[in-house]
Amino acid sequence: MKITTIEKLSEENQALVRLAMESRKHAYSPYSSHLVGAAVRSKEGNTYGGCNIEIITLQMSAHAERNAVMNMAMHGDRVIDALVCYGPYSGVPCAECRQVIWEFCDNNPDVLIIGATTEGEIELMTIGEIYPYPYGPTTKGIDCKKY
Ligand SMILES: [Zn+2]
């Protein structure tokens with residue numbers, strides 16, 4: 001992982017961080033008060049935001065990264081180019097979100113993950129670094145490209 005600042009990112013990655021910041025404003029987390037935003041840029045260059053949505057039982061809550069990835073998929077894009085997770089104290093996606101992100105990485109461990117914190121810290125990582133032994137469609141021999 002590499003620590004940097006938003007000003008040192010490319011313009012397109014700065015825009016993706018800003019989308020995650022905007023998306024965080026819609027977070028619904030009355031139970032934990034843990035507000036998180038996320039944004040995905042697809043291989044096609046489209047961007048999609050997401051935020052965490054909590055449900056009182058908590059088990060059915062959805063994390064910001066997952067909602068951003070689902071937002072991308074429901075709009076027809078299938079491959080992530082980069083993903084931003086923006087939240088307090090850490091922007092590193094949780095283990096469950098890493099699994100969801102991997103589903104749409106087209107087996108590319110170099111997909112960029114940008115962890116951004118409300119304190120202004122930016123961490124650059126790849127999905128391969130944070131999910132080094134992935135379980136995915138190819139693990140089961142399934143070609144998802146036709147879906
Ligand atoms: Zn998560």
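**Pro93 and the fold around it**

Pro93 has 28 C-beta neighbours inside 10 Å, so Pro93 counts as buried. The cut-off for a buried residue is 20 or more such neighbours. The model is predicted.

**Around Pro93**

- Asp77 is 16 residues away from Pro93 along the chain. The C-alpha atoms of Pro93 and Asp77 are separated by 21 Å.

**The sheet**

- In what order do the strands of the sheet stand? The order is S1-S6-S5-S4-S2-S3, in an open sheet of 6 strands with mixed pairing.
- Strand S1 (2–4) and strand S3 (47–51) are at the edges. Each has a single partner strand, so one side of each has no neighbour in the sheet.
- On average, neighbouring strands of this sheet are turned by 20° against each other, with direction ignored.
- Strand S5 covers residues 112–117, and strand S6 covers residues 122–126. S5 and S6 pair in the antiparallel sense, over 5 bridges.
- Which residue in S6 is the bridge partner of Ile114? The partner is Leu124.

**A helix across the strands**

- Helix H2 spans residues 64–74. H2 lies across strand S2 (37–42), S3 and strand S4 (80–87).
- H2 runs at about 145° to S3.

**The whole chain**

- From the N terminus on, the elements run β-α-β-β-α-β-α-β-β-α.
- How does the radius of gyration fit a compact globule? A compact globule of 147 residues would have a value near 15 Å; the protein has 14 Å, which agrees.
- Along the principal axes, the C-alpha atoms fill a box of roughly 40 × 40 × 25 Å.
- Buried residues make up 35% of the 147 residues.
- Take the contacts between residues at least 6 apart in sequence. Of these, 62% join residues at least 24 apart.

Terms used. Residues numbered from 1 in each chain as written. Predicted model: local features only at pLDDT ≥ 70, side-chain atom pairs only at ≥ 80, totals over all residues. Helix = DSSP H or I, 4+ residues; strand = E, 2+ residues; numbered from the N terminus. Rg over C-alpha atoms; globule rule 2.2 N^0.38 Å. Buried ≥ 20, exposed ≤ 12 C-beta atoms within 10 Å, placed from the backbone. Contact = placed C-beta atoms within 7 Å. Pairing = 2+ DSSP bridges. Axes fitted to C-alpha atoms, helices over the stretch in contact; angles between N-to-C directions.
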